[in-house]
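Here are some notes for reading the structure below. They are numbered so that each can be checked on its own.

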Amino acid sequence: MAIAESRKTKTPDKKHLLIVFISALLVASGFIGWIKFKQEQDKKIQQAQMFLTQLCQTSFAADTNVLDSSQKVNQAAKLLQSIPNLPGFAYQQIQSELTNFSSCIKTAQVTENFFTAKKLSEKALGVDENTIISLQSWQAIYSDLAKAIASLKNIPPDVNIYAKAQQELKQYQIKLGGLNQRIEKEQIAITAFNSSEALNREVDKINQNQPDLDSLGEAESKIKNAIQVLETIPPGTTVSERSKNLLSTYQQKLADIKYKIANLKLESFVNNSYNFATAVDTKMEYQEYSAQLNKLKSKFNEIIQQSPAIKNHDSVKALSKALNCYNDAQIIWRYCHEGNCSTSISAGFLELRRVLWLPSSFAIKGVPLTQKYQVPVNSNIFRKKYIRLNDTLINIWKQAEKHIKEAQVQI
């Protein structure tokens, strides 16, 4: 029995003592923290009350430093509004003070909003149509001005700053519309610039290999579109100067493509010209000769117009000489076809077959045929000199064929 009683009155072990000690420390630290927290809150309350009392007793909106005063009032109001509804904090008294100063607080909030709006609008009012900045910068300025407008719209009519806010609001709204147009202009310019570069890359891809006539036609169409797009870019945008530099590059690229197209067409034209040269003879009808020659001349002019630079090509010079020869033959042949040439009888030649003759003095552009094409001259029974039409045509065609062969070598 004595042993049992001694066990009941045994001293608590160390573990239990440690738990009790820690619990006591936690309670003590919590209490100290609470006291410290309350002291800090009391200090904030006193400071806030002081600001409200000092600033709201006078019309701070009339001060030159009105923004600083309104900010202090707002800070004081936020301090009071942050005080929790807990015992020992005079919560009801704080709410009463906030109610008493509500008009002053409202004026302070509105005033701060007004000056915030003015600050947000500074960059917008400092730019105009001629300002060149990035699209992102324009969008940021637009966003700030939109926020400024929203702030001014929230200013109620029962505050003394309302009239001034309305004046600013009208100015900002007009400016916002101008900014929107400027942003659209910049966006259109950038889109056009990027589109032209994309078309140019497609052209370069086509030109990487040895493009045929169809591929070159596609490249020509694309680079023309790229040039047209660049020409739509208005001045005063971030890509305006770059577009001017690219424009000259694209125009040169277009000229190069046209030259390649003209050169390929020229190869085909030389072959067609040679076929014509080998087919033409005195047995051909004048109408057929004229029709085929006119087609050749039209095709040749089309090639030259496609790329004026190709005029300097040696093959073009040779072909031009050949066509001039064929054209001279056409002039002479037409002269006789219209009945202006002499027959053997009328010319005074003793020939049974029908032969057409021209006077030996016949000249084209002041140059006699006998001199230009070394046509043989014949004299009639009266010793009057004539040249035979067929001999003249054959000599002209031989000289034309010689020029075409020169063109084949040069191509």
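Is Glu 302 buried, partly exposed or exposed?

1. The model is a predicted one. Glu 302 has a relative accessible area of 36%. Because buried means under 20% and exposed means over 50%, Glu 302 counts as partly exposed. Lys 299, at 34%, is also partly exposed.

2. Glu 302 and Lys 299 form a salt bridge between their side chains, with 3.6 Å from N to O. Both residues belong to helix 10, where they sit three residues apart, about one turn of the helix. Salt bridges with shared partners connect this pair to Lys 265, giving one network of Lys 265, Lys 299 and Glu 302.

3. Side chains of opposite charge can pair when their charged atoms come close. Over the whole structure, the search finds twelve salt bridges. One of them joins Lys 185 to Glu 129, and their closest N and O atoms are 2.7 Å apart. This pair connects distant parts of the chain, 56 residues apart: Lys 185 is in helix 7 (residues 162–207), and Glu 129 is in the loop between helix 5 (102–125) and helix 6 (135–153). Glu 129 has a relative accessible area of 42%, so it is partly exposed.

4. Helix 7 also holds Arg 182 and Glu 186, four residues apart, about one turn of the helix. Their side chains meet in a salt bridge of 3.1 Å, N to O. Both Arg 182 and Glu 186 are buried.

5. Rolling a probe the size of a water molecule over the atoms shows where empty space is left. The largest pocket has a volume of about 270 Å³. It is lined by 16 residues, and the closest to its centre are Thr 282, Trp 333, Leu 356, Leu 389 and Asn 390. Helix 10 (286–306), helix 11 (314–337) and helix 14 (389–410) are the elements that each give two or more residues to this lining. Sorted by class, the lining has eight nonpolar, four polar and four charged residues.

6. Lys 405 is found in helix 14. With 41% relative accessibility, Lys 405 is partly exposed.

7. On the surface, Leu 350, Ile 381 and Phe 382 make up a nonpolar patch, with about 410 Å² of accessible area together. Phe 382 is in the loop between strand 5 (378–379) and strand 6 (385–388). At 64% relative accessible area, Phe 382 is exposed.

Terms used. Residues numbered from 1 in each chain as written. Predicted model: local features only at pLDDT ≥ 70, side-chain atom pairs only at ≥ 80, totals over all residues. Heavy atoms only, no water. Patch = residues over 30% accessible without salt bridge, like charges linked within 9 Å, V, L, I, M, F, W, Y side chains within 5 Å. Areas by Shrake-Rupley, 256 points an atom, 1.4 Å probe, with all protein chains shown as cover. Salt bridge = Lys/Arg side-chain N within 4 Å of Asp/Glu carboxyl O. Buried < 20%, exposed > 50% of the residue type's maximum accessible area, 1.4 Å probe, protein only. 1 Å grid on protein atoms, 1.4 Å probe; cavity = no way out; pocket = protein on both sides within 12 Å on 5 of 7 lines; lining within 4 Å. Points joined across faces, edges and corners; volume = space filled by probe spheres on them. Nonpolar A, V, L, I, M, F, W, Y, C, P; charged D, E, K, R; others polar.
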